[in-house]
Structure formats: structure tokens, C-alpha cells
Amino acid sequence: MATVKLSSPATGLLAGGRTRRSAPARRATVIRAAAGSYADELVSTAKSVASPGRGILAIDESNATCGKRLSSIGLDNTEANRQAYRQLLLTTAGLGEYISGAILFEETLYQSTTDGKKFVDCLKDQNIMPGIKVDKGLVPLPGSNNESWCQGLDGLASRCAEYYKQGARFAKWRTVVSIPCGPSALAVKEAAWGLARYAAIAQDNGLVPIVEPEILLDGDHGIDRTLEVAEKVWSEVFFYLAQNNVLFEGILLKPSMVTPGAEHKEKASPETIAKYTLTMLRRRVPPAVPGIMFLSGGQSEVEATLNLNAMNQSPNPWHVSFSYARALQNSVLKTWQGRPENMDAAQKALLVRAKANSLAQLGRYTGEGESDDAKRGMFQKGYTY
Amino acid sequence: MVSATVLKSSFLPKKSEWGATRQAAAPRPATVSMVVRASAYADELVKTANTIASPGRGILAMDESNATCGKRLASIGLENTEANRQAYRTLLVTAPGLGQYISGAILFEETLYQSTVDGRKIVDVLVEQGIVPGIKVDKGLVPLAGSNNESWCQGLDGLASREAAYYQQGARFAKWRTVVSIPNGPSELAVKEAAWGLARYAAISQDNGLVPIVEPEILLDGEHGIERTFEVAQKVWAETFYAMAENNVMFEGILLKPSMVTPGAEAKDRATPEQVAEYTLKLLHRRIPPSVPGIMFLSGGQSEVEATQNLNAMNQGPNPWHVSFSYARALQNTCLKTWGGVPENVKAAQDALLLRAKANSLAQLGKYTSDGEAAEAKEGMFVKNYSY
């Protein structure tokens, strides 16, 4: 046969090892080749986060966004206030029964409690994996229809390595897709490719990547349109994850649920949302992925719990759970009001929501005793996170 | 199931207007075109796929082209005549109780239109047995220009009308086999062409009421180890699913026909059934979304017993999809030899077929034991550079 150079280096069908030449450098253990030396730890971290009855507490609000939260209860956006608030959350006794991971902002990863205990240690003591937001935010995507892309690949490897040293064991990168703006094929490809590159770099540095292409709630489209777009987005994401040799047993997903747009005339019941969302997952997510941790994206606390519960009425091939920010924190924040004397009550409020979502993960949530406040939607048009 | 919506195609230029007026496209931002398929056959496709993927059952592949069937007949000293092909296929489809173990039978076109020697339509016999008739629809492998001596599978031309006619005749699933060669690379080109061809065929099949069996066979030929097979299989299936998604194929209405992940035929180390199962299941878990109802493995040169043992090893625990068989040689070999073309041997030959069918049925359920298997059944059937 002709000695044709086999499959060009740029697209080599090579093992997940580093070499790009077409030579016989393919003897690596391929079953877990990607992710290099951290493969086993990645798999066990992902499993720990995706454990039954547990989910993720997302508290990685940037300083600016955290400022909005604080000002909503009349507090200034100071480091001390951010520390006080995160301390309230992370020192809640018994949180680890319902929460398996907490996503932090960089500042918080390096912070301690007021009596000097590192936040990462508070988490580890409760068997809660510390996670870290690693993206550098959304910026306009040239050539698109006013869409965004997520930056953060520059220096990502060293950033992740540092975070690992500090105790983080998973990472998060949030990009968005807008249905009213198309989405354009460009925006979808860029979102998927960015996520895939980030995921490979994160694994290379010991962090389980949470893969989050959020399909924004904004718009008046119906649920069928959301399903279409979600299928396209996840098809692209998985294709590029494969091309980047990402180890699927060592990732977690953070999708948006498949719902109608926020301005659509009809709302969908939890059962309908579950049906559409599970259809999408079954069509796009291979069973090697250990956990799917939904974002709440503007749903009310109770909606987010009801929808999750509806998705867990029968066994799924992956852990189907939550990674909620507003849907876990909203009542906590309002109860606290920045007052030390309210701390116990605020922590209790957190446990109430955490437990409700834990039950929802097990398919056993009943919704009795929920307050009206917890039922209020938190959608904000054009919300920037 | 989700009621599919069809993206309004009014903004896409119609083929007839392609040259004439590009401004037929309405002024909207470039969208990702992703129609959730509204095949009129959607419900039937899902039902057919689930019937074929039923517990304890698998597919009898008997779609050998006339030329290939000729080789089978020649091996027992028979001429390659239509009468002989008819006699052999009659023997297979009339084996009593075959439908207990066999849920689908893939036919060659001639057989789809044939009757048994006593004048009953073969498709009717199959349906009576509880076996869904299927049909090979590809037009075979030809050299792939620009590749490293690799092949591509032709058959898209006229496929839609061909399949519509097959549906009329009683077929309810289709099969298209393309190949990928590890000794030849495989090249990126060959993999992409294989995946794209399969995806186009799958979409056309569903449009015409046939459940597509998606078969990118990674040939056994070669001295590569099992890890290399695994690499290539990961690539091939990633491309195949991506292409199918782009073509809006409905995953709940397809079946897969992969090769198991094994070392190459000339590799120095053999793999045990447990190893084959470990690698193959790992591949499936990484590449196959759970909406696919059934994965029907090809045997590709393994011995009858190997093919059964490997399948059994894959079913030692629950899987998110039906994991079963679509075997040709691994079901027919002993049967053919037992028959030898002799009418008095028909019953014994049918018993041999049923024996293998039952063994694989048990393997699908994870309950097979190889006690009592004949030596002959353990003989490998790998033929170097085998053209099917």
C-alpha cells in the first residue's frame, strides 16, 4: 500500500497523549487516556458531586453581581460583607447532607471565616467539593447577530493549576446561547468549541469541568423551539468534547431545562418540562457522563425544585440534580438582611431549600409548607449574571 | 413523545429557485436550521425499533448478495442458482419457532420478492413467525478517491424510491454497511464519508418508513491492539452521531450495528470475552445516547461460540440500551454445513440454526453457558481481506 501520511497531524486519530505526530505514539492506555495523570481523581470527584440526594450550591457570583445581591438587602459591596455572606452559607451545619459541591468565585476560594478558617476547609470538612469559576465572562461576538462568546482560555492552564493547589477540585465555565438572536451557527459553534477547550485544559490540571452552555430563558418562543436549539447545542458540544479527547467519566453538565421562553404565552407544567428535558438528555448525553446538574436561570425557588422532582420520577442513566444559585439563595438573603441576629434563621432557610432539592433529586419532593416568597419567579429580562 | 415541529421552510430558497432568486429567503438572522423531524412514520419507527430490540431476541442477517450467497453455496458444493438460494433461504425462515429468538431478518432484495419453495411469500412467513422483515439497501463498497486505498459505500441515488417500494413489499427496517480500515489509517476522509453516508441514508430511510440499521464496520483485519480499535471506534461513533444529528435523524427510531471492540485479527494478543465486553461497553457508554433502543452487534469473522460468549459478557449487568446480535455467519455456519444441500438434512439444519439462535438469545439475557458447544462452532471464521 502507498506510504501515505496517515491522518494529518492536526486531526490525528491519536490517543489522548500529547504527541501530534503520526508515528506509533498511540500505545497509551486509551480507556482513560485523556485527562492524563488526574484521570482517577477526576472520576471519583465527579462521582462524589453526583451522589444520590445531593447537588451543587452555586455561589460564584462575581464581585459585581454579588454587589447586586447585597444591595438588594441594603448592604454595601465590600469584601467584608461578601465574606460575611459567604461565611453564613458555608458554615451552615449539616449542609453536606444535601450539597455535594459549592462553586466559588476566585476571591472566595482564597478567603477564610472571621475566625480564620479557610472556606475550602469548611467545605472539605462537610464532604462538599470546592469548585471554582474559571471563565472571564461574556463579551460580544463579532460577525454574529448581537450574540456573546465566553472568554477565558488565555492562561487557563496555570490558573486551574493554582486553583487546584488551593483546594478546588472542579471548575465551571458558563457560556450562553440566545434564541431571540438566532442562535447563529457561529454562536453555537463558538460556545461548543470554547467549552470543549476549557474542559480539556481543566482535566489536564486536575479539575472536573462543569460544562455549561446556558440557553437563555429570554424570548417568546415555545418549548419545541427550545428543544430544537438544545439538541443542536448539545450535539455540537459533545462532538467537540470528543475531538478534544475529554474524558466523559470526569465531567459534569450544567444545562438549562427545556422550557418555553419567559415571554411565551403559555407556561409549561413540571411534567411537560421534565418530558422535554429528559427527551433532550436521552438524545444527546451518553451514559458515561456521571452527573447532570441543572441551572435554575430565573425560575422561582419552588419551580426549580418541582421541575427537578418531575425529572426524577423514574431511574435515569445519569445522576440528574441541581446546581442552583438564586434558587437556593433567594430566601436566605432575604431572611438575613445583613443582620447577625438573623444568621440562624438564614442558615435554616438555606437548609430548607437544600433539603427540598435533595428530595427532588430523589424524586420525593412534595411541596408542602412552601412559602409564597419561594414561589416567586426570579426572571429578569436581559439579565446579566 | 414530543410532537415535532417543522421549521417553516419558507425562508429557505426552494431548489427550483436556487439560481433565480436568492432573496426568496425572508429577512431573518441566519439561524441554525434544526428541524425536529416530522416523519409521518415517527410512531411506527419507534415501535418497530423497540420490537426488534426486545429482550432475548436479535437479528438474523441473511442479506448476502447473490455473489456472496454463491460463495456460501459453493462451500457445500452447490451451484449459485436462484433455486438454490431460494431453497436455502426457505430453510432458514421456516425453522419452527425461530421467532422466539429472532426479532428481525435482514434480506437481500431478491429474497424480499421471493416465495418459499411451496409458494408462500418469504415476508409473510417471517411476519407469521413474529420476525420483522428488513432489507439491505446499500449498493456496495467502491474505492474512495483521495483516500489511502479505502472504500466508501454507495447507494444514496434513488434510495428514497427504492425504500418506498421496499416498504410496500413489507420491509420495515433497512441496513447499510460501510467499512473503516485500521491498517489503512483510517483517514479522516474515510471516517467522515462513512459517517455522512450513514446519516444521509438514515434520514432517507426514516422518511420512507424504514428503521435504519446504522453499520460502520471497523474491519477486523490488522495487527493492531484493542486500544487502537477503541480509539478508532470512539472517533467513528462521534462522527456518526454528529452527522445523524445534523441530518435530524430520530434516535428513538434507529438501531446500531457496531463491530465489537477487539484486537485486530493478526494481533499477537487475543482478548477474553470479559476484555472485549469491558472495552466495548466503555465505548458504548461514551458514545451512545440512551434514546437509541438497540445495539445489534455484528460478528465479523468471530467463531459462532466467540460471538455468543462476547455478547453474553456484555450482558452481565443492565445496560441503558438493548445489547444484542445481528449475526450472519455466526448464526448460519453450522446450519449451512449441516444442510449440505441435502433435503433430508433440512430438519437437522434448522435445529442447528435454532441452537445458535437460542444460544445468542441467552447471551442477550446474560445467561449463556458454553456447555455442550461443538468444536466446530468454536472455529474462527476470519478471512483476511474478506469482501462481503
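**Rings, burial and the barrel**

Modeller: Let's start with Tyr198(A). Tyr198(A) is buried, with a relative accessible area of 0%. Buried means under 20% relative accessible area, exposed over 50% and partly exposed in between, using a 1.4 Å probe and protein chains only.

Biologist: What kind of model is this, and how are things numbered?

Modeller: It is a predicted model, where local features need pLDDT of at least 70, side-chain atom pairs count only at pLDDT 80 or more, and totals for chains, interfaces and linings use all residues. Residues are numbered from 1 along each chain as its sequence is written, chains are lettered from A and ligands numbered from 1 in the order in which they are written, and side-chain values use heavy atoms, leaving out hydrogens and water.

Biologist: How many aromatic pairs are there over all chains?

Modeller: The search finds 16. Rings of Phe, Tyr and Trp (its six-membered ring) pair if their centres lie within 6.5 Å; planes under 30 degrees apart are stacked, over 60 edge-to-face and the rest tilted.

Biologist: Which kind of pair do Trp173(A) and Tyr198(A) form?

Modeller: A stacked one, 5.2 Å centre to centre with 20 degrees between the planes. Trp173(A) lies in strand β6 (residues 170-177) of chain A and Tyr198(A) in helix α7 (residues 185-204) of chain A, so the pair ties together parts 25 residues apart in sequence. Helices (H or I, at least four residues) and strands (E, at least two) are DSSP runs, numbered from the N terminus.

Biologist: Is Trp173(A) buried or exposed?

Modeller: Buried, at 1% relative accessibility.

Biologist: And why is the pair of Trp193(A) and Tyr240(A) called edge-to-face?

Modeller: Because their planes are at 85 degrees, with the ring centres 5.2 Å apart. Trp193(A) is in helix α7 of chain A and Tyr240(A) in helix α8 (residues 223-243) of chain A, 47 residues apart. Trp193(A) is partly exposed at 36%, while Tyr240(A) is buried at 9%.

Biologist: Which residues make up their aromatic cluster?

Modeller: Trp193(A), Phe239(A), Tyr240(A) and Tyr242(B).

Biologist: What lies over the face of Tyr164(A)?

Modeller: Arg169(A), at 3.6 Å from the ring centre. A charge sits over a ring if NZ of Lys or CZ of Arg is within 6 Å of the ring centre and within 35 degrees of the ring normal. In chain B, the charged end of Arg172(B) sits over the ring of Tyr167(B), 3.6 Å from its centre.

Biologist: Switching to chain B. How many helices and strands?

Modeller: Chain B has 12 helices and 10 strands. It has 388 residues, and 62% of them count as buried.

Biologist: Which strands form the barrel?

Modeller: Eight of them, closed, with parallel pairing: β1-β2-β3-β6-β7-β8-β9-β10 in chain B. Two strands pair if DSSP finds at least two bridges between them. Strands β8 (residues 255-256) and β9 (residues 294-297) of chain B are joined by two bridges. Leu256(B) has Ile295(B) as its bridge partner in β9(B).

Biologist: Where is Ile254(B)?

Modeller: In the loop between α8 and β8 of chain B. At 0% relative accessibility, Ile254(B) counts as buried.

Biologist: What does Ile254(B) touch?

Modeller: Not counting residues up to four places away in sequence, its contacts (heavy atoms within 4.5 Å) include Ala49(B), Gln206(B), Met244(B) and Pro293(B).
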